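Dear colleague,

Please find below the structure that I am handing over to you, together with its sequence. My findings follow it.

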Amino acid sequence: MKLKHIILPIMAAFLLFSGCTKEQYFYGSQIETYRFNINPADWSRVEGANLPGSNNYLYCSVDLPAIDNEVFNNGTVQAYVWNVYDGQNNLGAWNTLPFVYPLEVYSTNDEGEQVMSIVPENLRFEWELGKVTFIIQDLNGIDPIALGDGQTLSFKVCVSHNM
């Protein structure tokens, strides 16, 4: 009787585990990195009504043939902007897009006094087959000002191909 109690659980375990197989899949990616320097004159402007909440923004599109059908369907694209945070010592860092940064905006009030306010600027990107587009937009929707106020912006774009 004890033999039944031992054999039945062993047979059940054998049947349970015999249907399992272990398969290993090794996925990898090939990552290519591209650098772009966007000069102030390279930006184009889409102008809305120039009122709060309207759709005004700066954009610059660049060709990137590495974004092919394989990347479009199975890969990924990531972009970064180089932001100098200490101009005196020429120190900066790569910032992942989208990147929101504070912009000091000065205006004159009714009394003729200069008033400073902070407007968040959104720097983002879009990608499609063969092209990447960088976009700068005020979050208040009025008039975007390029990061660095007239300086050349450096971008790094990483394109990942699945293998």
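From the N terminus, the elements of the chain follow the order α-β-β-β-α-β-β-β-β-β-β, which amounts to 2 helices and 9 strands. Helices (H or I, at least four residues) and strands (E, at least two) are DSSP runs, numbered from the N terminus. This is a predicted model, in which local features need pLDDT of at least 70 and side-chain atom pairs count only at pLDDT 80 or more, while totals for chains, interfaces and linings use all residues. Residues are numbered from 1 along each chain as its sequence is written, and side-chain values use heavy atoms, without hydrogens and water.

Of the 163 residues in the chain, 29% are buried (under 20% relative accessible area, 1.4 Å probe, protein chains only).

Beyond its neighbours within four places in sequence, Phe 155 is in contact (heavy atoms within 4.5 Å) with residues including Phe 36, Trp 43, Leu 97 and Phe 134.

Phe 36 lies in strand S1 and is buried, at 15% relative accessible area. Its C-alpha is 8.1 Å from that of Leu 153, although Phe 36 and Leu 153 are 117 residues apart in sequence.

With kind regards

Technical notes: Buried < 20%, exposed > 50% of the residue type's maximum accessible area, 1.4 Å probe, protein only.
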